[in-house]
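A careful reading with the cut-offs stated would be welcome.

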Amino acid sequence: MWPEQDKGLQEIYKPGRENSGRTLRTGEAMLRFIDTQPADQPFCLSVSFYAVKHDNNKDVYMPHFEQFKNKDLSVPENWVAGDNPDLPEVVKDNARGVYLHRQRSSTLELYQKLVRRFATQGYSVDEQVGFLVEKLKEKGLLDNTVIIYTSDNGRFQGSHGLFDKCLLYDESVKAPLIVYDGRVPKSDRQHRESALISSVDMAPTIVSMAGLQPPTSMQGRDISGILNKTQPIEEWRDAVYMEDLFLVGMFNKRYDENVIAINQKLINDNKSYRSRGVRTSRWKYIVYYEHTPRIEELYDVIKDPSEQHNLAKDPTYSETLKSLRLQTEALYQKAIQ
């Protein structure tokens with residue numbers, strides 16, 4: 001049934017509903033979908049909550065805020081008060097996350113105000129996921145359902161002196177991933193996996209779990225073997241490719257007719273902070289490839305998980321740097337084929 005024909009959905013999304021919040025409305029629509037599915041047919045449901053994203057009142061279900069409003073939440077060790085002098089100059093001068101940090105997360109007072117509101121949204125989303133699980137139990141479907149809980153990106157809340165997302169530090173590129181498979185015996189559940197997983201792995205995994213063969217045109221790898229421990233870990237990938245193509249200068253001009261010329265001018269003026277790189281179990285390599293000269297960052301994420309000590313100019317790590325450069329280029333070429 002199309003939304004225009006579904007009176008139940010129209011009721012959920014009717015204008016003027018008070019104190020409902022869009023996370024709760026999305027949750028109601030999610031439960032309605034389960035309620036209206038034919039009992040003899042499989043289904044695939046993708047639920048995209050806008051939270052945790054913006055923090056205006058319309059984005060926050062304020063009754064949930066009560067439990068957080070007086071809490072002092074933890075502050076990451078790489079949170080920076082004010083500007084971060086260690087960021088690459090091209091980032092400091094041009095990236096949106098720098099000036100948004102000044103406005104939104106550059107003091108402890110601002111940080112706590114913001115994180116309380118994001119914690120509220122996270123709670124609201126988790127509550128809706130709980131309702132989904134209970135609905136599947138009620139329908140007798142939970143033991144034959146796979147739930148994948150993930151996100152499109154992480155975000156900075158003052159870490160590295162940044163706000164927002166983009167840029168390739170772990171706060172931004174890492175995202176939650178929880179997979180529940182009701183078909184798996186309870187004795188084989190609840191384990192934590194250290195294999196390197198990419199967001200592009202989700203599509204082939206879903207196709208495979210549905211009993212189909214992922215097409216060769218689909219990027220990413222099926223992680224089913226990782227989840228059920230039939231995939232030899234030594235044959236799995238040893239690096240995840242990363243890239244950031246966002247420039248705020250392009251975003252603000254994205255509807256202009258001469259966007260190609262605008263983009264080229266940003267590059268020519270050395271204002272591009274587009275980057276790519278790789279993340280391995282030990283190393284993080286980042287290159288700002290449109291900047292002249294190229295800017296590189298190298299972190300030992302085991303010894304330095306907060307990515308505070310850039311080793312790119314340390315001759316001790318020259319061979320590591322050279323290897324990661326080659327790996328980044330190889331994965332980039334593979335991605336654009």
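N56 has its place in the loop between α2 and α3, where helices (H or I, at least four residues) and strands (E, at least two) are DSSP runs numbered from the N terminus. The model is a predicted one, in which local features need pLDDT of at least 70 and side-chain atom pairs count only at pLDDT 80 or more, while totals for chains, interfaces and linings use all residues. Residues are numbered from 1 along each chain as its sequence is written, and side-chain values use heavy atoms, with hydrogens and water left out. With a relative accessible area of 44%, N56 is partly exposed; on this scale buried means under 20% relative accessible area, exposed means over 50%, and partly exposed lies in between, for a 1.4 Å probe and protein chains only. Although N56 and R117 are 61 residues apart in sequence, their C-alpha atoms are 8.8 Å apart in space. R117 in turn lies over the face of F65, at 5.9 Å from the ring centre, the criterion being that NZ of Lys or CZ of Arg is within 6 Å of the ring centre and within 35 degrees of the ring normal. The loop between α2 and α3 also holds V52, and the peptide bond from A51 to V52 is cis, with omega near 5 degrees.

A cis peptide bond is also found from T292 to P293, with omega near -5 degrees, and P293 is placed in the loop between β7 and β8. In the loop between β8 and α12 lies E307, a residue other than glycine whose phi is positive, near 55 degrees. E307 counts as buried, at 3% relative accessibility.

L167 belongs to the loop between β3 and α7 (170-173) and has a positive phi of about 60 degrees although it is not a glycine. Its relative accessible area is 3%, so L167 is buried. Leaving aside residues up to four places away in sequence, L167 touches V91, F156, L162, S172, V173, D244, Y273 and Y288, a contact being heavy atoms within 4.5 Å. Between the C-alpha atoms of L167 and P88, which are 79 residues apart along the chain, the separation is 11 Å.

A cavity is a set of points, on a 1 Å grid over the protein atoms alone, where a 1.4 Å probe fits but cannot get out, and lining residues have an atom within 4 Å of a point. The volume of the largest cavity is about 50 Å³, a volume being the space filled by probe spheres set on the points, with grid points joined across faces, edges and corners. By class, its lining has five nonpolar, one polar and three charged residues; Ala, Val, Leu, Ile, Met, Phe, Trp, Tyr, Cys and Pro count as nonpolar, Asp, Glu, Lys and Arg as charged, and the others, Gly among them, as polar.

How many cavities of 30 Å³ or more does the count give? The count comes to two, and the second largest cavity contains about 40 Å³ of space. G21, R22, T23, D59, V60, Y61, Q121 and S124 line the second largest cavity, with α2 giving the most, three residues. The lining of the second largest cavity has two nonpolar, four polar and two charged residues.

The charged end of R96 sits over the ring of F251, 5.7 Å from its centre.

The structure holds seven aromatic pairs, for which rings of Phe, Tyr and Trp (its six-membered ring) must have centres within 6.5 Å, with planes under 30 degrees apart counted as stacked, over 60 as edge-to-face and the rest as tilted. One of these pairs is F33 and F43, edge-to-face at 5.9 Å centre to centre, with 75 degrees between the planes. Because F33 lies in helix α2 and F43 in the loop between α2 and α3, this pair ties together parts that are 10 residues apart in sequence. F33 is partly exposed, with a relative accessible area of 24%, and F43 is partly exposed at 29%. F156, Y169 and Y299 form one aromatic cluster.

Terms used
1 Å grid on protein atoms, 1.4 Å probe; cavity = no way out; pocket = protein on both sides within 12 Å on 5 of 7 lines; lining within 4 Å.
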